Amino acid sequence: MPEHDEEVLSTDELSTDELLVEEVSIDGMCGVY
Amino acid sequence: MPLAQRSQSPGRLADLFQLGLDAPICLTWELTYACNLSCVHCLSSSGRRDPAELTTEECKRVIDTLERMQVFYVNIGGGEPTVRPDFWELVDYATARHVGVKFSTNGVKITPSVASRLAASDYVDVQISLDGATAEVNDAVRGPGSYETAMRAMRNLSDAGFRGFKLSVVITRQNVGQLDAFKAIADRFGAQLRLTRLRPSGRGADVWHELHPTAEQQRSLYDWLVAHGEQVLTGDSFFHLSAYGSALPGLNLCGAGRVVCLIDPVGDVYACPFAIHENFLAGSVRDDGGFESVWKSSELFRSLRTADTGGACRSCGFYDSCRGGCMAAKFFTGLPLDGPDPECVRGYGEAALASAPVAAAPRPSADHSHRKVPVTIGRRRPPRRDCDENPLAGFAAAP
Amino acid sequence: MTFDLDLPWQVDPRVSMRPEPFGALLYHFGTRRLSFLKNQRVLAVVRLLADHPSARAACAAAGVAEAELPAYARALAALAESRMITERTVVCP
């Protein structure tokens, strides 16, 4: 999801900023070949 | 949402990392500069072993540190790590201490019996390198026979029941048309496909201008990756492409010194494997305090962890998505670190390259490449006095 | 995603949990999945799960306010979905 500066977040569309837990693939770190 | 609740928002992961992590999330550990191959784009300029490489005991002390720091997994590479005589001893030492290992190999030592042993272990993952879906394309970059070596290794792993090992490809101008074919190879062997970015690092600096994908190819690569979602890994190496639209899976930021780093064969700690250069050298595992103190307190890493202000990219509406791209790609093409990535999808990098003098691009001082020809005149400084070179210099042979 | 706050939960034994300045990292050695806990309070909740008869009780013990409970339930649901936490079959004494 692209990052935007938004003043108002709709309550039924939480951005990942709001989540207390985020999952990322263990292969999702740049700098590992 | 009421303002009071919004102010408690945890925010973006990328921002949370500025506090620094107690340990890297993954780190790459190159065990040796020795390699049986001489890939033209090798990021570590590997080929010949360095006489100062870490001993078996020193490696075990590093693994003890990784265990203490609770590093989840380490990507072991090189050169070709399996040519080290103590390779298996070290892998076992790491896994016995709950440090997960993924090792990156050209496949040379993945025999059927080695494959069986790997298939039986929960803590070891394998990554086979291949840069062409055909021998013609692959061997042009990795050398004659390397395609067969990789295919044989994958066949052995598949036959041994190892599911989900990684097939890792560096995307070039020559192979970007073979993405479906790479996926078919991965599917055939029960492997997971991984596509990564070519960087102008190590020997890659010599071939980057001819081998890196064109802007058009880059766009089609992005579209293909989006279409394949989480099925195809990227090691977050294409986060600079996020400016095209939706971000690809991954943290989408430069991990160097923040969530990843490199330990090289002589114990030097660099910000990332694509940045093997004095400017990105944080310290050594042989320093007092070892790897842990380098990770936590080195000046280089502290400075990398402070907030990116964007520099020349600040005014670009896409900076938030691409974060200014890859530090190593900028550095080794001679571009300023606070400006666009050489492959910036908006074209700003291309414009910057056009005015950057190629001759000024930095080179690392170390080069472990195999010597194809003996060192000759023209590559060395002339001696100050004839006697420096040869005591008989200037003496004509007796008739 | 419905998460039952009134059941007992625990962290999967194959999960390695590493506290960080921002919160914590959880890595599951079986699934190879990686989760980020983005504040200290959600880490506290996760650590207390095994010692409480319900996730709701663990949240209360960690100081989660009523108004915040839905956000924490969502967090726990995500962890359950990725098998970082599992239902406990034996209630603690």
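Colleague: At what angle do the axes of helix H6 (residues 135–142) and helix H7 (residues 146–159) of chain B cross?
Modeller: They cross at roughly 110 degrees and come within 8 Å of each other. Axes are lines fitted to C-alpha atoms, for helices over the stretch in contact, and angles run from 0 to 180 degrees between N-to-C directions. Helices (H or I, at least four residues) and strands (E, at least two) are DSSP runs, numbered from the N terminus. This is a predicted model, in which local features need pLDDT of at least 70 and side-chain atom pairs count only at pLDDT 80 or more, while totals for chains, interfaces and linings use all residues. Residues are numbered from 1 along each chain as its sequence is written, and chains are lettered from A and ligands numbered from 1 in the order in which they are written.

Colleague: Which residues make the contact?
Modeller: H6(B) uses Ala135(B), Asn138(B), Asp139(B) and Arg142(B), and H7(B) uses Ser146(B), Tyr147(B) and Glu148(B). Two residues are in contact if their C-beta atoms, placed from the backbone, lie within 7 Å. By class, that contact has 2 nonpolar, 2 polar and 3 charged residues. Ala, Val, Leu, Ile, Met, Phe, Trp, Tyr, Cys and Pro count as nonpolar, Asp, Glu, Lys and Arg as charged, and the others, Gly among them, as polar.

Colleague: Now the sheet in chain B. What is the strand order?
Modeller: The order is E6-E5-E4-E3-E2-E1-E7-E8-E9, 9 strands in an open sheet with mixed pairing. Strand E6 (192–197) and strand E9 (281–284) of chain B are the edges, each pairing on one side only. Two strands pair if DSSP finds at least two bridges between them.

Colleague: Do E3 and E4 of chain B run parallel or antiparallel?
Modeller: Parallel, with 5 bridges between strand E3 (residues 100–105) and strand E4 (residues 124–129) of chain B. Ser104(B) has Gln127(B) in E4(B) as its bridge partner. H7(B) packs on this sheet, where it touches E4 and strand E5 (166–171) of chain B, and its direction makes about 150 degrees with that of E4(B).

Colleague: Switching to chain A. How many residues of chain B are in contact with chain A?
Modeller: 36 residues of chain B, against 19 residues of chain A. The elements giving two or more residues on the chain B side are strand E1 (26–32), strand E2 (73–78) and helix H13 (319–322). E2(B) gives the most, with 3 residues. That side of chain B has 20 nonpolar, 13 polar and 3 charged residues.

Colleague: And how many from chain C touch chain A?
Modeller: 17 residues from chain C, with 8 residues from chain A. Strand E4 (33–37) and helix H3 (69–81) are the elements of chain C that give two or more residues, and H3(C) gives the most, with 6 residues. The chain C side has 10 nonpolar, 3 polar and 4 charged residues.

Colleague: Which strand of chain A is joined to E4(C)?
Modeller: Strand E1 (residues 21–25) of chain A, by 5 bridges, with the two running antiparallel. Glu23(A) stands opposite Ser35(C). The whole open sheet has 4 strands in the order E1(A)-E4(C)-E3(C)-E2(C), with antiparallel pairing. Its edge strands are E1 of chain A and strand E2 (15–20) of chain C. Neighbouring strands are turned by 20 degrees against each other on average, direction ignored.

Colleague: What packs on that sheet?
Modeller: Helix H1 (residues 40–48) of chain C, touching E1 of chain A as well as E2, E3 and E4 of chain C. The direction of H1(C) makes about 50 degrees with that of E3(C).

Colleague: Is Ile26(A) buried or exposed, and why?
Modeller: Buried, because Ile26(A) has 20 C-beta neighbours inside 10 Å. The cut-off for buried is 20 or more other C-beta atoms within 10 Å, with 12 or fewer for exposed and partly exposed in between, and C-beta atoms placed from the backbone. Ile26(A) lies in the segment after E1 of chain A. Leaving aside neighbours within four places in sequence, Ile26(A) is in contact with Cys26(B), Tyr73(B), Tyr27(C), Arg32(C) and Leu34(C).

Colleague: Last one: how many helices and strands does chain C have?
Modeller: 3 helices and 5 strands, running β-β-β-β-α-α-α-β from the N terminus. Of its 93 residues, 35% count as buried.
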